[in-house]
Amino acid sequence: MDKTKRYLKLVAIIAVITLVVTACGDDEDEEAAVTTTQAPATTAAPTEEVAVVDEGQLVIGTLLPVTGDLAFLGPPEVAGARLAVADINAAGGVLGNNVVLHEGDSGDTNQDIANPEVDRLLALDVAAIIGAASSAVSKLVIDKITGNNVIHFSPANTSPDFTTYDDNGLYFRTAPSDLLQGKVLADLVASEGNEVAGVIYRQESYGQGLADSFRENFESLGGAVDPFIAYAPGTDNFDAEVDQLAGVNPDAIVVIGFQESATILVTMHERGIGPTSATNVYGVDGNIGGIGAELSDPSIITGMRGTEPSVDLSSIADFTARLDGAYEGGLQEIYAYGAETYDAIIIVALAALVAQSDDPVQIASEINDVTRGGTKCTSFADCRDVIEGGGDPDYDGAGGPYEFVEAGEPAAASFRIATYSGGGKPDSALDEYVFAGG
């Protein structure tokens, strides 16, 4: 990818915009321009446009849920990407040039959005694609991305399958494996006196992996799982599944799903086994942060609890305030995976500095090491200074101290235990945090 100039032909209509984001410093604010391209709003016949990229310029694409059943995670992730690029460019960029950001929509597995978006980003000669949020969507495109010798870096994939996936050493994630979340969730359910837990889960790589991890860990604690119900993505009626849950009437019910969890919870409420009944109900990162907004009456999930990977948000209040400022209209107090998206881009940029290259394969070879074993640093600028001073950076980001293992993922992570108390969002005053792994 190191050429005097690279002329990139787009495969879809793109609109080039300039987004100005304020990058906060210790003493004064700085402004950094982030040049992005956004995905086309329609699938109209493509036209050609030529973009020029300077020699040694780091180009990053995103594949984040602007639409689809994880769209509630889109705003914090988009904001995280924009803020990271703004901070990098405010600090002088990478290899003497500003980083370029091309934004894309992942959609979900019910639509064929991710594949054409990846084609568009690859045509833009990106070194890394950040996303998708959904493990199942990433499964659709990982071979295409890594097969083209481009880095695939997800801020939110949690399926255990990726740990051993044949990815040419090019897949990374700042989100922890659900082997960790499954343990945290099982510990939570068991600690609250539940002996029998029913599980209803979305049958794809994310849902299956997390459900299996929960069951294994809960049973190891002496609990029983009954029933264990899978449903297909795209299901819109859960009468049969909820009737099965009601027939067993377990102490607790674990709902592992995305946007469709709202329909499950409404049906559970109608059958008398929702969170406001005597049944304890738990969610996960795919639903707990945004499910209240999907309900016309969020009071029906009062008492529902759930887990999601997250550091203590009160400890990064300055960062979440800046995330709000990087997204038009703010983030409505939903910050899940915003820090992990920000950190993914910072890590790629630092690895490019260490490699002194914008070549994805060379960058990938440095990614694990910039998160471990060197001089601790907590910002792009500080880590850049370590590199320029001849040292090895150990980046501890807004999302936590990652300490990547060889598989390119965190060895341990912090998890938020969220609780609904009657409103449309989890009650932050009731937040608890636990650390798992490592």
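## A buried disulfide

C377 and C383 are both buried, where buried means under 20% relative accessible area, exposed over 50% and partly exposed in between, using a 1.4 Å probe and protein chains only. These two cysteines form a disulfide with their sulfur atoms 2.1 Å apart; the term covers a pair of cysteine sulfur atoms within 2.5 Å. The torsion about the S-S bond of C377 and C383 is about 105°, so the disulfide is right-handed. A search of the whole structure finds 1 disulfide.

A word on the model: it is predicted, so local features need pLDDT of at least 70 and side-chain atom pairs count only at pLDDT 80 or more, while totals for chains, interfaces and linings use all residues. Residues are numbered from 1 along each chain as its sequence is written, and side-chain values use heavy atoms, with hydrogens and water left out.

## The chain as a whole

The chain has 11 helices and 19 strands. These are DSSP runs numbered from the N terminus, with helices (H or I) of at least four residues and strands (E) of at least two. Of the 438 residues in the chain, 57% are buried.

Rolling a probe the size of a water molecule over the atoms shows where empty space is left. Here the structure holds 2 cavities of 30 Å³ or more. A cavity is a set of points, on a 1 Å grid over the protein atoms alone, where a 1.4 Å probe fits but cannot get out, and lining residues have an atom within 4 Å of a point. Grid points are joined across faces, edges and corners, and a volume is the space filled by probe spheres set on the points.

The largest cavity has a volume of about 80 Å³. It is lined by 15 residues, of which S310, L313, Y335, A339 and E340 are the closest to its centre. At least two lining residues come from each of β14 (305-309), α8 (317-325) and α9 (338-355), and α8 gives the largest share, 3 residues. By class, this lining has 10 nonpolar, 3 polar and 2 charged residues; Ala, Val, Leu, Ile, Met, Phe, Trp, Tyr, Cys and Pro count as nonpolar, Asp, Glu, Lys and Arg as charged, and the others, Gly among them, as polar.

E340 sits in helix α9 and counts as buried because its relative accessibility is 6%. Leaving aside residues up to four places away in sequence, E340 touches P155, T174, P309, S310 and Y402. The C-alpha atoms of E340 and A156 are 7.4 Å apart, although 184 residues separate them along the chain.

## The second cavity and A133

The second largest cavity has a volume of about 70 Å³. Its lining includes A133, A156, Y206, G286 and Y337, and divides into 7 nonpolar, 4 polar and 1 charged residues.

A133 lies in the loop between β7 (128-131) and α3 (135-147). With 6% relative accessibility, A133 counts as buried. Beyond residues up to four places away in sequence, A133 touches L63, P65, L70, E77, A156 and N157. A133 and G286 are 153 residues apart in sequence and 9.5 Å apart in space, C-alpha to C-alpha.

Technical notes
Contact means heavy atoms within 4.5 Å. On a 1 Å grid over the protein atoms alone, a cavity is a set of points where a 1.4 Å probe fits but cannot get out, and a pocket is an open set with protein on both sides within 12 Å along at least five of seven lines; lining residues have an atom within 4 Å of a point.
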